[in-house]
Amino acid sequence: MSGVQGKVVAITGASSGIGEATAAHLAERGAHLVLGARREERLKAVVERITAKGGSAVGVVVDVTRRADLKRLTDTAVERFGRLDVLVSNAGTMAISPFDELRQDDWDAMVTTHVTGLLNGIGAALPVFRQQRSGQFVNVASTAAYVVKSPQAVYAATKTAVKVLTEGLRQESGPDLRVTLVSPGCTDTEGVGKGGSPAAAAAIARQRDEIAMPPSAVAAAIGYAIEQPEGIDVSEIVVRPTAQA
Ligand code: NDP
């Protein structure tokens, strides 16, 4: 199977931003979508927008830090659509702050969402992919996985972990599976700086308002990796606004 048409794609963090844009992009191209996030109402609205346009989507309330929730997401794909072709691990939190502010709950949230959350997705999807002898992981990192800019160290560290885990998974995936890392630069979403320290959030939101690219740019990059023929693995995409230093 090549292209997006008919593929069953689960996306975490699909209630807004890049996840929502990716869902819309793939729905227009005929994918069956299983969408996960914590905010039920927002998730429901995304599903309704897709189905109102004739797309195929179902929502599952998921907290990626909980192992059982990821299992429920992948189980739903298999129960509703008979298989799972792609898991897009996109859920994330950009609660950045300087170390001196000791916002340790935010540090924990970034570690558990990006690292534990990704591992929970691998744990849920890998057995399904192995049994099918096909499947694709698309993991969303960040340009912060390539360069650390203060005060983003914890965020950058967890996104570097996403990059490292993705490369290790790729090496172990064998000939049947595909593993893709997508690293966006500054993207115009509500999540930029959300929950971080007020000063850091204001600075990064200012940068977003000046230079950000639309989330549809990241969605198109993810779509490109998914639509390749079987046996072709787009291993890594970095997509950023030209204005981003
Ligand atoms: P948003 O805040 O719009 O999206 C984040 C999504 O993740 C939401 O749907 C949120 O939904 C979900 N989420 C957060 N925590 C959890 C959790 N524990 N369990 C399940 N879902 C969760 O921001 P973006 O779209 O910008 O972010 C998407 C990804 O892109 C993130 O991984 C982010 O780090 C990455 N990224 C973003 C960049 C940008 O400039 N915007 C740049 C580089 C990378 P809910 O709250 O409903 O659970």
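At what angle do H1 and helix H7 pack, and how far apart are their axes? Let's start there. One caution before I answer: this is a predicted model, where local features need pLDDT of at least 70, side-chain atom pairs count only at pLDDT 80 or more, and totals for chains, interfaces and linings use all residues. Residues are numbered from 1 along each chain as its sequence is written, and side-chain values use heavy atoms, with hydrogens and water left out.

Okay, the helices. H1 covers 17-28, H7 covers residues 215-227, and they pack at about 55° with axes 8 Å apart. Helices here are DSSP runs, H or I, of at least four residues, strands are E runs of at least two, and numbering goes from the N terminus. The axes are lines fitted to C-alpha atoms, for helices over the stretch in contact, and angles run from 0 to 180 degrees between N-to-C directions. So H1 and H7 are oblique to each other; under 35 degrees would be roughly parallel, over 145 roughly antiparallel, 65 to 115 roughly perpendicular, and the rest is oblique.

Who touches whom? Contact means heavy atoms within 4.5 Å. On the H1 side you'll find Gly17, Ile18, Ala21, Thr22, His25 and Leu26, and they meet H7 residues including Pro215, Val218, Ile222 and Ile226. That contact has nine nonpolar, five polar and no charged residues. For the classes, Ala, Val, Leu, Ile, Met, Phe, Trp, Tyr, Cys and Pro are nonpolar, Asp, Glu, Lys and Arg are charged, and the others, Gly among them, are polar.

H1 also turns up in the second largest pocket, giving the largest share of its lining, five residues. Helix H2 (40-52) supplies at least two. A pocket is an open set of points on a 1 Å grid over the protein atoms alone, with protein on both sides within 12 Å along at least five of seven lines; a cavity is a set where a 1.4 Å probe fits but cannot get out, and lining residues have an atom within 4 Å of a point. The pocket's volume is about 190 Å³, meaning the space filled by probe spheres set on the points, which are joined across faces, edges and corners. Four charged residues sit in that lining, beside five nonpolar and two polar.

Last, the cavities: two of 30 Å³ or more. The largest holds about 90 Å³, and H4 gives the most to its lining, four residues.
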